[in-house]
Amino acid sequence: KVIFYFVAFIIYYIYLSFVDWFIHSFIMHNPNTFFLELRESHKKHHINNNYSITFDYYETLIIYLFSLFFILLIYVFYKYFTYNNISIKTIAFIALFNAISILLGVASHNYCHSKHHNCLHNIGDCFIIKVPNYICNIINNHHEKHHYNSKTNFCTIFLGFDYIANTNYNT
């Protein structure tokens, strides 16, 4: 059972990394996005290195609902094609676990990203968790390379999917 949970955790992390990558590449770098305010804010961020992007409560809710929709869709399809019953307890667990993961991810992003851009004094109304320096350094090093080539390194907190999508910039 330990191996099952370990593998499930790795798959879920890859999923979160995909969500991180997708939001950054297809919303923040897409001129045709439905979230124009976020896109415009992100453009300012690329122009002004002292302008940090943080996610407020509303944006965190959007990220949560986006990620929850697809993970529940995967769960329902899995149950349907394996002819098993859908468990409300499992759905509740997935929703809660996903909420905790998204909150931790967003709060970590808000801290590390603001620290990297020297904007901790102007963080605004958002979730924040102080993250150890060595973790921030890994995340910020990856992020800095995105500013050298904005078509690479889209993962902002859950690093990894850039390697799968072949968008990693590592020189």
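## Helix 2 against helix 5

Axes are lines fitted to C-alpha atoms, taken for helices over the stretch in contact, and the angle between two of them runs from 0 to 180 degrees between N-to-C directions. In this predicted model, helix 2 (residues 36-47) packs with helix 5 at an angle of about 90°, and the two axes lie 10 Å apart. Because angles of 65 to 115 degrees count as roughly perpendicular, helix 2 is described as roughly perpendicular to helix 5.

The contact between these two helices involves histidines on either side, with H42, H45 and H46 of helix 2 meeting H143, H146 and H147 of helix 5. Two of these histidines, H143 and H146, are also listed among the buried residues of helix 5.

## Helix 5 and its partners

Helix 5 has 16 residues, and the 22 Å from its first C-alpha to its last is close to the 22 Å expected at 1.5 Å a residue. Its buried residues are C136, I139, N140, H142, H143, K145 and H146, and these pack against helix 1, helix 2, helix 4 and helix 6.

## Aromatic pairs around W21

The structure holds 17 aromatic pairs. One of them joins W21 and F26 in an edge-to-face arrangement, with 5.7 Å from centre to centre and 70° between the planes. W21 is buried, because its relative accessible area is 12%, whereas F26 counts as partly exposed at 42% relative accessibility.

W21 also forms an edge-to-face pair with F154, at 6.4 Å centre to centre and with 85° between the planes. This pair links distant parts of the chain, since W21 belongs to helix 1 (residues 2-28) while F154 belongs to the loop between helix 5 (133-148) and helix 6 (161-164), 133 residues apart. F154 is buried as well, with a relative accessible area of 7%. Both W21 and F154 belong to one aromatic cluster, which is formed by F18, W21, F22, F26, F66, F69, F70, F154 and F161.

## Helix 4 and its ends

Helix 4 (residues 88-116) has 29 residues and reaches 41 Å from its first C-alpha to its last, close to the 42 Å expected at 1.5 Å a residue. At the start of helix 4, a side-chain oxygen of S87 comes to within 3.3 Å of the backbone nitrogen of K89. At the other end, helix 4 is followed by N118, whose phi is positive, near 55°.

Inside helix 4 lies N110, which counts as buried because its relative accessibility is 0%. The side chain of N110 is joined to the side chain of H109 by a polar contact of 3.5 Å.

N153 is found in the loop between helix 5 and helix 6, and at 1% relative accessibility N153 counts as buried. Not counting residues up to four places away in sequence, N153 touches H24, H142, K145, H146, D162, T167, N168 and Y169. The C-alpha atoms of N153 and N137, which are 16 residues apart along the chain, are separated by 15 Å.

Y163 lies in helix 6 and, at 57% relative accessibility, counts as exposed. The C-alpha atoms of Y163 and N153 are 10 residues apart along the chain and separated by 8.8 Å.

Note on methods. Residues are numbered from 1 along each chain as its sequence is written. This is a predicted model: local features need pLDDT of at least 70, side-chain atom pairs count only at pLDDT 80 or more; totals for chains, interfaces and linings use all residues. Side-chain values use heavy atoms; hydrogens and water are left out. Helices (H or I, at least four residues) and strands (E, at least two) are DSSP runs, numbered from the N terminus. The expected span of a helix is 1.5 Å times one less than its number of residues. A polar contact is a pair of N or O atoms within 3.5 Å; within protein, one must be able to donate a hydrogen and the other to accept it, and residues adjacent in sequence count only if both atoms are side-chain atoms. Rings of Phe, Tyr and Trp (its six-membered ring) pair if their centres lie within 6.5 Å; planes under 30 degrees apart count as stacked, over 60 as edge-to-face and the rest as tilted. Buried means under 20% relative accessible area, exposed over 50%, partly exposed in between (1.4 Å probe, protein chains only). Angles under 35 degrees count as roughly parallel, over 145 as roughly antiparallel, 65 to 115 as roughly perpendicular and the rest as oblique. Contact means heavy atoms within 4.5 Å.
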